[in-house]
Amino acid sequence: REKIMQQLIQQLINGAALGGLYALTAIGYSLVYGVMELVNFSHGAVYMLGAYVFYILAALCGLPMWVCAVVSLVAAGIMGVVIQRVALTPFAKKHLPLVYSLIATIGLSIVIQNAMLLFMGSETRRFPTIFEGVFIDFAGFRISALTIFIIALSAALIVALSLFLRLTRVGQAMRATAQNRFAATLMGIPAGRIVALCFFLGGALAAVAGVLGSMNYRSVDISVGTSMGVKAFAATVLGGIGSVGGAALGGLVIGVCEVLVAGYVSASLRDMAAYVILIAILIIRPCGLLGQSTQRKV
């Protein structure tokens, strides 16, 4: 019985690490949707780009990992702003429906993936990692140091972002823009810059998840962002799209459920289980776990 309990706790820890990666990526979806009411389907490509920038600098150029991490975050954040300028600004100036921007984000995702395919090729590459072969033994558990690092860093970033949104003037401006962009503009808030900042933060968080996820699996290829983008979007919807806390909770739920199903049922059913839970919860609560239903005048 004690062995079964230890195995369960071990699975929960692994699920928390995976859920942290989903949560960081899902927050990018929520930030963009909060201010634009638009799903940025190029977010998975930004996840992949951040991982590849780190790989190029660390494995091919031999730079220190902290330098690689900073550059990959900045590069992914800038790519997020570029996506906003290319896929949103031109259509917004012409007052075209948001579906045009939605299609543009899908097109940009394909462009980024194919550009990386031409530059790096399609082969899977071995990703550099920290805490190589380091495990921590505690109370009968043997946990990878990287797993603990992923959980701790994910939690710290989520808490820091939540405090930033609540306690800083820029964060309050972001919340005001998300609530009513037109009214925020009338109050003197530079809504355009706020939207760009949301794209930058979303891209940077996706890069963090991309680097940590690739370290965890010790590999990277051009398809890593596809699956993560879909799972993170599911986590966003599950938690309540537009809610940062909901995105974090949704990512944790999906990550834990995937690991438990893979460990106790079948690894081939882990993806199906996540979406079954998503559908079941949305039937009961269509706005998501922490989302709020809104009414629109017609």
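Is Lys-231 buried or exposed, and at what relative accessibility? At 6% relative accessibility, Lys-231 counts as buried; buried means under 20% relative accessible area, exposed means over 50%, and partly exposed lies in between (1.4 Å probe, protein chains only). The legends below describe a predicted model, in which local features need pLDDT of at least 70, side-chain atom pairs count only at pLDDT 80 or more, and totals for chains, interfaces and linings use all residues. Residues are numbered from 1 along each chain as its sequence is written, and side-chain values use heavy atoms, with hydrogens and water left out.

**View 1. Lys-231, Glu-258, Arg-270 and Asp-271 are linked in a network of salt bridges.** A salt bridge is a side-chain nitrogen of Lys or Arg within 4 Å of a carboxyl oxygen of Asp or Glu. Between Lys-231 and Glu-258, the closest N and O atoms are 2.8 Å apart. This pair links distant parts of the chain, with Lys-231 in helix 10 (residues 224–239) and Glu-258 in helix 11 (residues 244–264), 27 residues apart. Helices (H or I, at least four residues) and strands (E, at least two) are DSSP runs, numbered from the N terminus. Both Lys-231 and Glu-258 are buried. Lys-231 also forms a salt bridge with Asp-271, where the closest N and O atoms are 2.7 Å apart. Here, too, distant parts of the chain are linked: Asp-271 is in helix 12 and Lys-231 in helix 10, 40 residues apart. Asp-271 is partly exposed, at 38% relative accessibility.

**View 2. Glu-123 forms a salt bridge with Arg-125.** The closest N and O atoms of this pair are 2.9 Å apart. Glu-123 has a relative accessible area of 42%, so it is partly exposed. The structure holds four salt bridges.

**View 3. Nine named residues make a nonpolar surface patch of about 770 Å²: Met-5, Leu-8, Ile-9, Leu-12, Tyr-264, Val-265, Leu-269, Met-272 and Val-276.** Helix 1 and helix 12 (270–284) are the elements that give two or more residues to the patch. Helix 1 supplies the largest share, four residues. Patches are made of residues with over 30% relative accessible area and no salt bridge; like charges are joined within 9 Å, and nonpolar side chains (Val, Leu, Ile, Met, Phe, Trp, Tyr) within 5 Å. Accessible areas come from the Shrake-Rupley method with a 1.4 Å probe, and for residues only the protein chains shown count as cover. Leu-8, in helix 1, is partly exposed at 31% relative accessibility.

**View 4. Asn-14 sits in helix 1 (residues 2–36).** Its relative accessibility is 29%, so Asn-14 counts as partly exposed. Leaving aside neighbours within four places in sequence, Asn-14 is in contact (heavy atoms within 4.5 Å) with Thr-147 and Val-259. The C-alpha atoms of Asn-14 and Gly-255 are separated by 8.4 Å, although the two are 241 residues apart along the chain.

**View 5. Thr-129 lies in the loop between strand 1 (125–126) and strand 2 (135–138).** Thr-129 is buried because its relative accessible area is 14%. Apart from its neighbours within four places in sequence, Thr-129 is in contact with Met-65, Leu-146, Met-215 and Arg-218.

View 6. Cys-68 is in no disulfide, and a search of the whole structure finds zero disulfides. A disulfide is a pair of cysteine sulfur atoms within 2.5 Å. Cys-68 is buried, at 0% relative accessibility.
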